[in-house]
Amino acid sequence: LSSSRYASGLLMRAPEAVKMFADDADLLPRGRDQLVAEACAAADRHDDPNVAIAAVRALRRRELFRTAVAELLHVAPVDACGIALSDLTVATIVGGLRIATHAVEAARGSVLPTRVLVVAMGRFGGGELGFASDADVMFVHDPLPGADDRDAHEAALAVAEELRRLLMIPTPDPVLEVDASLRPEGRNGPLVRSLASYAAYYARWSSAWEAQALLRAEPIAGDADLGTRFRELIDPLRYPVGGIPDSDVREIRRLKARMEAERLPRGVDPSLHTKLGRGGLSDVEWVAQLLQLQHGATVAGLRTTHTLPALDAAAAAGLLDRGDADALTAAWRAATSVRDAVMLVRGTASDLVPTDIRERGAVARLLGYGPGDSGALLDEYRRVTRRARGVMERVFYA
């Protein structure tokens, strides 16, 4: 615990959490259903939305601590911790949406004239969040029969804005940033769209990168029936019959090359950037996503929002050599483990393998290396990601 500023900081704000150390079983991540039920109960105990969200965020703080210690003590592997953090974020948003809906209905003096849905995107939709991750989402609504479209849109927008406000109120508890920039038209587009508006937009304007982004779209909060209909809308886009055209493949490759050229910070060693560097998360994820776009309609296992199961399904279907899939998986786990370890040690996020000897030593010890073995961490990380980069260049640009 003393090796982690992040975990010890959480414990200082909730010292009663120390009882989790009594048994390893108490450190195992809680399931999504259990967390959602607890978040909803916390939300319903208070009429004041600010008090209610404080209770939900206290639950999040406690479970962040549980997951952090599980990773520190190697009670749970990095894959399981990513799922646990994502499930916790789902529960937090479910509870927050409940509070926001009640607050807007109270202000309006009537029930909402529309159904509201929150869709997880990016690493959130993929169940792959880290301790420093934002929650990428899209907001969807569907007016009730007879409701005025403008009134329905304004009500849904009020709920979305109230949800974001509640989850980002500055408090001693970690803030949950709710980022909706992956929506159609990005930050220039409306924060909330109706299901019909999404359908019209995708029918006319959908691009290759938006189909790729939808590979990780997962409805997580709000109206369940609307979630089912949203999936039915986007499945033909992200798993197109016959795969994507060659022009879209070229566009995706061009975007990948441009991202490496423009977004990798200047002066950074590309072999040590866990997200955009050679053999990092981006390399692995874009290989999986291109295979999903090309073959998702015919290979059921590729119809998943999760990276590692998609790679496994691609190998099982003969679309990817098993050794190549293993190399990509190893690099993904290495990059994810380092990112989590840096956050746990420093208490602040970084996408870089530490170059400072003392900090790298602390990260290495957390990852199971012996005293003085920080050089071994560096060598192993470069070896694993170098192999993954070779696979990416051969498969992605084939």
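R115 is partly exposed, with a relative accessible area of 25%; in this scale, buried means under 20% relative accessible area, exposed over 50%, and partly exposed in between, computed with a 1.4 Å probe on protein chains only. The model is predicted, so local features need pLDDT of at least 70 and side-chain atom pairs count only at pLDDT 80 or more, while totals for chains, interfaces and linings use all residues. Residues are numbered from 1 along each chain as its sequence is written, and side-chain values use heavy atoms, with hydrogens and water left out.

Side chains of opposite charge can pair when their charged atoms come close. Here a salt bridge is a side-chain nitrogen of Lys or Arg within 4 Å of a carboxyl oxygen of Asp or Glu, and by this rule the count comes to 33. In one of them, D142 meets R115 at 3.3 Å, N to O. This pair links distant parts of the chain, 27 residues apart: D142 belongs to strand β2 (residues 135–143) and R115 to strand β1 (residues 114–120). Helices (H or I, at least four residues) and strands (E, at least two) are DSSP runs, numbered from the N terminus.

Another salt bridge joins R62 and E38, whose closest N and O atoms are 2.9 Å apart. Because R62 lies in helix α3 and E38 in helix α2 (residues 32–44), the pair ties together parts that are 24 residues apart in sequence. R62 is partly exposed at a relative accessible area of 27%, and E38 is partly exposed at 29%.

Attention now turns to helix α15 (residues 374–396). Its 23 residues reach 32 Å from the first C-alpha to the last, close to the 33 Å expected at 1.5 Å a residue; the expected span is 1.5 Å times one less than the number of residues. Which residues of α15 are buried? They are S374, L377, L378, Y381, V384, T385, A388, R389, V391, M392 and F396. What covers them includes α10 (246–263), α11 (281–295), α13 (322–346) and α14 (357–366), where contact means heavy atoms within 4.5 Å.

R389 meets E260 in a salt bridge of 3.1 Å, N to O. The pair links distant parts of the chain, R389 in helix α15 and E260 in helix α10, 129 residues apart. R389 counts as buried at 13% relative accessibility, and E260 is buried as well, with a relative accessible area of 19%. Both belong to a network of salt bridges that links K256, E260, D283, R389 and E393.

A pair of aromatic rings is described by the distance of the centres and the angle of the planes. Rings of Phe, Tyr and Trp (its six-membered ring) pair if their centres lie within 6.5 Å; planes under 30 degrees apart count as stacked, over 60 as edge-to-face and the rest as tilted. By this rule the count comes to seven aromatic pairs. W286 and F396 form an edge-to-face pair, with 6.3 Å from centre to centre and 65 degrees between the planes. W286 lies in helix α11 and F396 in helix α15, so the pair ties together parts that are 110 residues apart in sequence. Both W286 and F396 are buried. Elsewhere, Y198, Y201, Y202 and F230 form one aromatic cluster.

The nonpolar interior comes next. A nonpolar core is a set of buried Ala, Val, Leu, Ile, Met, Phe, Trp, Tyr and Cys residues joined through side-chain atoms within 4.5 Å. The largest has 113 residues, and those with the most contacts inside it are I93, V118, F124 and F139. Helix α13 gives the most to this core, with 13 residues. Apart from it lies another core, of 15 residues, among them M121, L195, Y201 and I234.

Some individual residues complete the tour. D87, in helix α4, is buried with a relative accessible area of 11%. Not counting residues up to four places away in sequence, D87 touches R32 and L35. H74 lies in the loop between α3 (49–72) and α4 (78–108), and has a positive phi of about 60 degrees although it is not a glycine. E185, likewise not a glycine, has a positive phi of about 70 degrees. Its place is in the loop between β3 (178–179) and β4 (192–194), and at 43% relative accessibility E185 counts as partly exposed.
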